[in-house]
Structure formats: structure tokens, C-alpha cells
Amino acid sequence: MVRRIKKAGVLGSGVMGGGIAALLASAGIRVVLLDIVPFDLKDEEKNDPAARNRIVKAGFDAAVKSRPALFMDPKKDPDLVKIGNFEDDWNELADCDWIVEVVVENLEIKKQVLANVEKVRKPDTIVSSNTSGIPLESMSEHLPPEFRQHFMGTHFFNPVRYMKLLELIPGKETKKEVLDFMADFGERMLGKGIVWAKDTPNFIGNRIGVQGMVKAMQLMVEDGISIPEVDALFGPLMGRPKTAMFKTADLVGLDTLGHVAKNTYELVTEDEARDAFVLPEFVEKMIENKQLGNKTQGGFYKKEITPEWKTIRKVINPATGEYEELTKIEAPCIEAAKKATSLPEKMQTILFGDDKLSQYAWKVSANGWIYAANRIPEISDNIVEIDNAMKWGYNFSMGPFESWDAVGVQKVVDRMEKEGYAVPENVKKMLASGATSFYKTEQGKDYYYDLVEGGYKPIETSPAIISLRALKQAGQTVKENASASLIDLGDGVFCIEFHTKMNAINKELVESMGEAMEYVEKNGVGVVIGNQAPGFPGAFSAGGDLAFMSGLAKEGKFSEIDSFLAMAQSGIQAAKYAPFPVVAAPFGMTLGGGCEVCLGADKIVAHAELFMGLVEIGVGLLPAGGGCMNLWKRFVQSVPECVKPTNWADMFLPVFMAIATAKYSNSAAEARKNGFLAPTDRIVMNRDYLIGEAKKEVLRMVEDGYTPPVKRPIPVMGQCAQGMAEAELFNMQSGGYVSEYDVFLAKRIAYVIGGGDARDFSKVDEDVILTLEREAFVDFFREKKTLERVEHMLTTGKPLRN
């Protein structure tokens with residue numbers, strides 16, 4: 001049978017249920033979200049639908065209002081969700097293709113809910129549970145075989161939209177066809193990273209993650225290390241997120257952490273490290289005192305406001321239970337690690353230092369590596385699932401086995417044995433076999449070491465996924481410098497990959513794009529512009545190289561700025577009119593110059609998580625890589641030629657406001673609403689597929705007989721545009737939304753978009769607007785306030801309003 005999920009049922013409207021419903025709706029799937037009828041209804045409310053749906057309505061409203069947004073299009077996606085309750089609307093589940101249970105973690109309640117689902121579900125409907133601690137077999141053993149064949153675990157991580165991990169847990173009788181379908185659906189349609197877990201307590205991510213976190217707390221108390229010291233160590237310097245360990249706990253909630261730790265301790269009676277799930281006494285007291293983290297405005301950290309409105313950050317002292325003012329942490333290993341250039345070097349600097357914090361970091365890391373290796377094959381049959389679970393569920397840069405490789409497997413084992421640690425037998429056998437690492441790459445193919453059967457095995461991924469790193473290792477790099485590479489994707493398609501810091505566009509990168517276009521014209525059929533920068537949301541390109549241009553401005557080299565801009569414009573327009581298709585594959589931060597590169601492409605294949613906009617006004621500048629012109633062209637060309645020019649006025653304000661207010665999208669869906677993506681551009685839910693899907697679009701355009709667009713004069717608004725802009729700016733300045741300098745900048749932006757001194761509703765050549773962009777950009781850089789904004793952004797990473 002051909003399976004499709006056209007309608008899904010979500011049972012439970014709490015944080016997880018609401019998040020799952022929002023993700024499904026964002027993927028275009030109709031959802032029915034149900035929850036219980038309130039127990040405390042008054043007699044007059046018992047027949048009132050609004051009162052009976054009070055709980056589910058509160059959960060749904062919380063999902064709609066959530067910040068960051070759970071729905072990718074907060075105005076449209078919620079329309080796909082229908083709410084109801086377990087008593088009045090249960091039959092809504094009858095035509096669902098997938099029903100996911102997200103009710104309270106109570107076995108008897110889950111068994112009753114699933115029994116009721118069986119009464120109404122149609123044959124072959126997939127049913128899953130989002131449980132993290134209750135065995136699937138216990139939940140379903142009382143149900144018919146056909147139900148159990150379509151029953152499995154689907155464990156999402158919170159917040160559902162943003163956390164990539166989806167753990168899939170097969171039941172003993174689950175059909176392979178069901179498992180294969182859900183893996184494909186979860187990966188392609190929901191954009192998740194699939195990890196196969198076994199039906200063991202808390203599966204993989206939370207089993208490894210919570211054990212590591214609680215053990216770190218225990219060792220912290222034993223060694224007399226402070227909470228800020230732990231977070232200074234186990235943040236980016238060790239490949240962990242900026243929230244590190246204790247800020248992450250505050251974010252998740254100490255009550256949630258405590259529940260998972262206690263639940264795991266009770267269930268893993270055979271675990272050799274079971275005691276590592278026992279929370280330190282001071283944490284138990286915090287939970288008892290409702291010091292639960294962000295949800296109670298105070299956990300391990302909290303903020304206080306002084307009478308002078310100054311914010312003071314404080315941290316709890318485990319010894320006294322009192323909050324103390326947070327101070328900067330300095331230690332030899334931390335300062336040395338900051339100077340290291342790569343993550344493996346930073347990790348080695350910390351772990352093999354001589355100070356107290358190095359010794360602590362070593363203990364925590366050694367414990368984590370040993371625990372992970374000992375969980376194979378209990379919770380997973382291979383190291384890949386464990387590493388991916390920690391990267392996708394906890395935002396680690398490397399999983400435990402990847403980080404062990406980075407530090408050196410033999411080096412770590414030698415120290416473990418010297419200090420009396422019990423090195424896992426499977427790791428000893430691996431080293432004895434002659435294998436020196438958990439992973440290796442040969443001829444562009446990645447392999448992992450099988451700790452159960454021995455030997456290296458290939459890491460299996462979808463054939464639709466293209467890895468630029470693997471292609472480069474296989475010798476498919478055609479051209480390369482410090483800023484960009486040209487990579488052969490096969491079939492005559494080449495990828496221009498940026499790899500500067502934040503993929504900012506500098507002179508070398510612009511020159512590389514020009515050289516790449518010349519090469520492809522002679523040797524290929526099309527180009528993809530994309531990269532696979534790590535992290536979430538990642539950066540396709542955060543914009544132009546401000547430091548480079550600021551340096552030129554300070555030296556008064558304004559003609560050089562103009563020359564650089566002319567070169568950038570020429571490169572982007574060359575892509576626009578190239579004799580072969582050019583497809584941009586943006587994701588994450590696609591701002592300023594990065595956005596301009598995309599606007600110059602024939603087509604965009606974007607990741608769903610797209611933060612796209614022309615934000616230059618935030619640093620006192622305007623888009624000058626063709627951004628003003630190409631965004632205006634997108635709007636004008638979206639209208640049939642039969643529409644009268646006077647109606648173009650309706651399009652001017654959205655373009656002007658997008659640039660003048662530095663408007664950016666919070667998703668690809670919003671980018672489409674804002675006009676940055678055309679209706680024909682594609683949105684891909686899983687970023688891993690982005691380069692492959694962009695390549696497909698290039699080949700499709702080639703097969704359809706691609707012909708480049710013809711350069712034609714552009715309709716402009718002329719003086720009319722400036723009048724419309726001034727009226728809008730007057731209202732915004734009167735309301736205090738913009739500064740006087742913002743108004744000064746915005747008026748010049750309107751002048752550029754309107755075609756300068758052109759007659760109203762006339763047409764001008766592209767070069768007219770491109771020249772206006774460059775002139776305005778250079779003039780802005782002569783202004784003291786623009787230089788102040790640029791310097792503030794370079795030093796703080798934040799915009800300055802002056």
C-alpha cells in the first residue's frame with residue numbers, strides 16, 4: 001500500500017503535544033488536537049463546548065503565542081489544527097492516518113487512552129507514543145495484534161520545531177513497512193534526524209545526556225568546583241552549546257531533570273553506573289523549594305533588577321544555597337583553550353592541562369565516554385545512533401565517540417588505565433584489532449567501527465543527501481581558497497561553497513564566484529550556491545565583510561569600497577544572466593549580502609528554518625549588491641504585464657519597508673510571505689537534503705531546456721516613491737519607532753528603489769539602480785553615525801540605534 005499522512009491526531013495538548021501539532025501543521029498536515037475535559041466544571045459549564053475545551057484551548061493558545069514561534073507561519077498554520085476533547089470529539093480520530101499519544105507519564109492512563117484509540121482507528125492507522133520512560137510492550141500488550149503491528153515509539157525533543165532529534169522505537173511486533181515509512185516521513189516531511197533506539201528507559205538521548213549531567217553535578221560537589229566554572233568548561237570550548245550544563249538545566253527545568261533522573265534510576269537496576277542518576281542533595285532541595293529554572297525565574301541562575309534598573313546575574317552556591325553575584329571565570333586551561341584554533345585542539349588543551357578545572361573536565365569526560373561505550377548494545381547497536389542523539393537532541397558539536405576520536409582514542413585509554421578507570425571491553429577489542437579510531441573516511445565514504453561485531457561498516461544515509469565534506473575528501477574539489485570552494489556534485493553540476501567566518505562575503509569570495517562561473521560555463525551545466533555550515537540555525541551567509549569595508553572607510557578609501565561593490569554587483573548579476581541555471585540553497589542566517597546572492601539566483605531551494613532579510617540599515621547602510629533592485633524586480637515581475645503601472649504603488653511600500661526596517665523572516669514560509677521567496681521557489685524541511693534537492697532543480701531546469709532571462713528596463717516609481725516613503729516615515733517617527741538618523745537613511749533608500757530622479761512610472765536600466773545603490777552605500781559610510789553603528793556591531797554583535 002501507498003501510505004500518506006493527510007490527517008494526524010495528537011492526544012495531549014501540553015508543551016510536547018502542542019509542539020508536535022504545530023510541527024505537523026507547519027508541514028501542511030491537518031491535525032486534530034485533543035485533551036481531557038476539565039475535572040472542575042461547574043454545573044452550568046458541563047454543556048458549554050468552550051468550557052469543556054478549556055484545557056486544550058489553553059495548550060493550543062500557548063503553542064500559537066510561543067516565542068520562539070512553534071508554527072512556521074503563525075498566521076496560517078494554526079488554521080490546520082482543530083481542537084477538541086476526549087469525550088466529545090474522539091471520533092475525529094477515525095480518519096487519521098497517524099495518531100500520537102502525548103498524555104501524562106502514567107502507565108494505566110496510557111493503556112486506557114490506547115484502548116480507546118483502538119475502538120475508533122481505521123485499519124492500518126499508525127499509532128505511536130511520545131513516552132520516554134514507559135515500556136512500549138507494557139502499554140500495548142492488552143491490545144490486538146493488528147494494533148501492535150502498527151504501534152511504535154516516536155520520541156520528540158522540546159522545543160519540537162527546533163530540536164532535530166526524533167527517536168524511533170520499534171515495538172516487538174511493529175511491521176518493518178511501518179517503521180520504514182515513519183523514518184522517511186520523519187526525516188523528509190518533518191525535517192528530523194532519525195535515531196533508532198531500543199525500548200529501554202529514556203532511550204538514547206536522555207539516558208546518555210542526563211547521566212552525564214548528573215554525574216557532572218556529583219563530581220562538581222566532590223571537587224569543590226563552582227557552577228560557573230563547570231559552564232565555562234562545558235560550553236563551546238568543549239563542543240557544547242552556549243547554555244552549557246547548568247543553563248541548559250534551567251532551560252529544561254529542574255523538575256523535568258529530576259523526574260527523568262529518578263525514573264531512570266528506578267528502571268535501570270542492572271546499570272553499573274546506576275548511582276550516577278542520583279541528584280546531589282542541593283539540587284533536590286532546589287526542586288523542593290520550586291527553584292526550577294527559567295519557568296520560576298530562578299534555578300541555578302537568576303536575574304535581579306536593582307532600584308536603578310540595572311540587571312544583576314546571580315548563581316546559586318551549592319554549599320550555602322544562597323545566590324551570589326556572577327563573576328567572570330578565569331583559569332589557565334580555559335584561557336589556553338580560547339587561543340586554540342580548532343575544537344579538537346580546544347578539547348585537548350582543557351582535558352590535558354594541569355589545573356584543577358582540567359582535572360575535573362577530564363573526570364567528567366572520561367565518565368561520559370565509558371558510560372556511552374558500555375551502553376552498546378543495550379540501548380543501541382552502534383555508536384552512530386548515540387552520537388547523533390547527542391548532537392541532535394542536546395546540540396553537542398560532537399557525540400561522545402566523535403569527541404573521543406578528536407582527543408585521541410589510544411591516548412585517552414592509556415590515561416584511563418593509568419588512573420584506574422575500567423576501560424570498556426569493546427573499546428579494548430577495537431584497539432587490539434588495529435583500529436585506532438571509531439570513525440574513518442575512505443574515498444569519500446564515512447565508516448564507523450562496529451563495537452558489537454567488530455570491523456568498520458559504512459554509515460548509511462539517504463542517496464538524496466549530498467555531503468560536501470565527503471565529496472571534498474574524495475577529491476571532487478575543482479577550485480579552492482581560504483574563502484570559497486568549487487565542488488563537483490556530479491552530472492555537470494557544481495557547488496560554490498562559502499567557508500569564511502559566518503560565511504561573510506569578502507573580496508576573495510566575490511572573486512571566487514566569478515572564477516567559478518567562468519569554469520562552469522566551459523565545463524558544466526549548472527551551479528548550486530550552498531554550504532553545510534554546522535550548528536543551528538547555521539549561517540548560509542550573515543552578510544558582507546563589515547570589518548573589511550569599515551577599514552577602508554576609516555582610511556578614506558571610498559573609491560575602493562565602490563570598486564568592491566561594483567565587483568559584487570557584477571558577480572551577482574552575472575549569475576542572474578548566466579547561460580546555465582543557478583540555484584541558491586540558503587538556510588539559517590541569510591542576511592544582507594547573503595540574501596542578495598539568493599535574490600540573484602534563478603531559483604531558491606530553502607531550508608524551512610530560514611532567517612532571511614536585507615538588514616543593512618541596522619548598521620547604517622543599505623543593500624548595495626543589487627539587493628534593492630532585485631527585491632523590487634521580484635515584486636514587479638510577479639505581476640502580469642497587463643496590470644497598469646499606477647498599481648505598482650501597492651508593491652513599493654512592502655519592498656521599501658522590508659529594507660528600511662531591516663525586516664527578516666523567522667522561517668522560509670515567512671520569507672515567502674515577505675516576497676523574498678517566489679511561489680516557484682521550494683522549501684525543504686530537512687537541511688541535510690538541501691544541496692541534493694538544489695542539484696535536482698538545476699538538472700530539471702536543464703532538462704526543460706533552460707534559457708537565461710533577458711535583461712530589460714525596470715519600471716520605477718520615481719518621485720512618487722519618495723512621497724509615499726516620507727508619509728510612512730513621518731508616522732513611524734511620530735510613534736517613536738525610528739530615529740532621526742533612521743529616517744535620513746530610509747529616505748535615501750526610497751530614492752534608490754524609486755530610480756533616483758527618474759520620472760514617475762517610467763523605466764530605467766538596471767545599471768541606474770545599481771549605481772544609485774553604490775553611491776548611497778559609500779555616502780553612508782562617510783557618516784559618523786554609520787561608522788558608530790558598524791563598530792558597535794563588530795564589537796558587540798548587536799545593532800545600535802543612534
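Predicted model: local features only at pLDDT ≥ 70, side-chain atom pairs only at ≥ 80, totals over all residues.
View 1. Ile 529 sits in strand β18, which covers residues 526–529. Who are its neighbours? Leaving aside residues up to four places away in sequence, Ile 529 touches Ile 496, Phe 498, Met 513, Phe 540, Val 582, Val 583, Ala 584, Ala 585 and Val 597. For a sense of scale, pick out Leu 70 as well: it is 459 residues from Ile 529 along the chain, and the two C-alpha atoms are separated by 29 Å.

**View 2. Helices α8 and α15 cross.** Here you have α8 (residues 205–223) and α15 (residues 356–374), whose axes come within 10 Å and cross at roughly 150°. Angles over 145 degrees count as roughly antiparallel, and α8 and α15 are therefore roughly antiparallel to each other. Their crossing is right-handed. On the α8 side, the contact is made by Arg 207, Ile 208, Gln 211, Lys 215, Ala 216, Leu 219, Met 220 and Asp 223. From α15 come Lys 356, Tyr 360, Lys 363, Val 364, Asn 367, Tyr 371 and Ala 372. Sorted by class, the contact of α8 with α15 has eight nonpolar, two polar and five charged residues.

**View 3. Lys 82 meets Glu 92.** The model has 57 salt bridges by the rule used here, and this is one of them: the side chains of Lys 82 and Glu 92 meet at 2.5 Å, N to O. Lys 82 lies in strand β3 (residues 81–85), while Glu 92 is in the loop between β3 and β4 (98–101), so the pair ties together parts that are 10 residues apart in sequence. With a relative accessible area of 44%, Lys 82 is partly exposed.

**View 4. Arg 415 and Glu 419, another salt bridge.** The side chains of Arg 415 and Glu 419 meet here, at 2.8 Å from N to O. Is Arg 415 buried or exposed? Its relative accessible area is 12%, so Arg 415 is buried. Glu 419, by contrast, counts as partly exposed at 42% relative accessibility.

View 5. Start with Arg 700, which forms a salt bridge with Glu 697; their closest N and O atoms are 2.4 Å apart. Both residues lie in helix α28 (residues 690–703), three residues apart, which is about one turn of the helix. Glu 697 is buried, with a relative accessible area of 3%, whereas Arg 700 is partly exposed at 41%. Now widen the view: Arg 700 and Glu 697 belong to a network of salt bridges that also links Lys 603, Arg 682, Glu 693 and Lys 696.

**View 6. Two cis peptide bonds.** Most peptide bonds are trans, so these two deserve a close-up. The bond from Ile 376 to Pro 377 is cis, with omega near 10°. Pro 377 is found in the loop between α15 and α16 (383–394). The other example is the bond from Phe 536 to Pro 537, also cis, with omega near 0°. You'll find Pro 537 in the loop between β18 and β19 (539–541).

**View 7. Met 502 and Asn 503, with positive phi.** Most residues other than glycine have a negative phi, which makes this pair worth a look. Met 502 isn't a glycine, yet its phi is positive, at about 55°. Asn 503, not a glycine either, has a positive phi of about 55°. Where is Met 502? It belongs to the loop between β17 (493–498) and α21 (507–523). Asn 503 is likewise in the loop between β17 and α21. As for accessibility, Met 502 is partly exposed, with a relative accessible area of 41%, but Asn 503 is buried, at 5%.

**View 8. Pro 679, an exposed loop residue.** Pro 679 is found in the loop between α27 (668–673) and β24 (682–684). Its relative accessible area is 76%. The cut-off for exposed is over 50%, so Pro 679 is exposed. How far apart are the C-alpha atoms of Pro 679 and Pro 713? They are separated by 23 Å, with the two residues 34 apart along the chain.

Key
Residues numbered from 1 in each chain as written. Heavy atoms only, no water. Helix = DSSP H or I, 4+ residues; strand = E, 2+ residues; numbered from the N terminus. Buried < 20%, exposed > 50% of the residue type's maximum accessible area, 1.4 Å probe, protein only. Axes fitted to C-alpha atoms, helices over the stretch in contact; angles between N-to-C directions. Parallel < 35°, antiparallel > 145°, perpendicular 65-115°, else oblique. Left-handed = near helix turned anticlockwise from the far one by under 90°. Contact = heavy atoms within 4.5 Å. Nonpolar A, V, L, I, M, F, W, Y, C, P; charged D, E, K, R; others polar. Salt bridge = Lys/Arg side-chain N within 4 Å of Asp/Glu carboxyl O.
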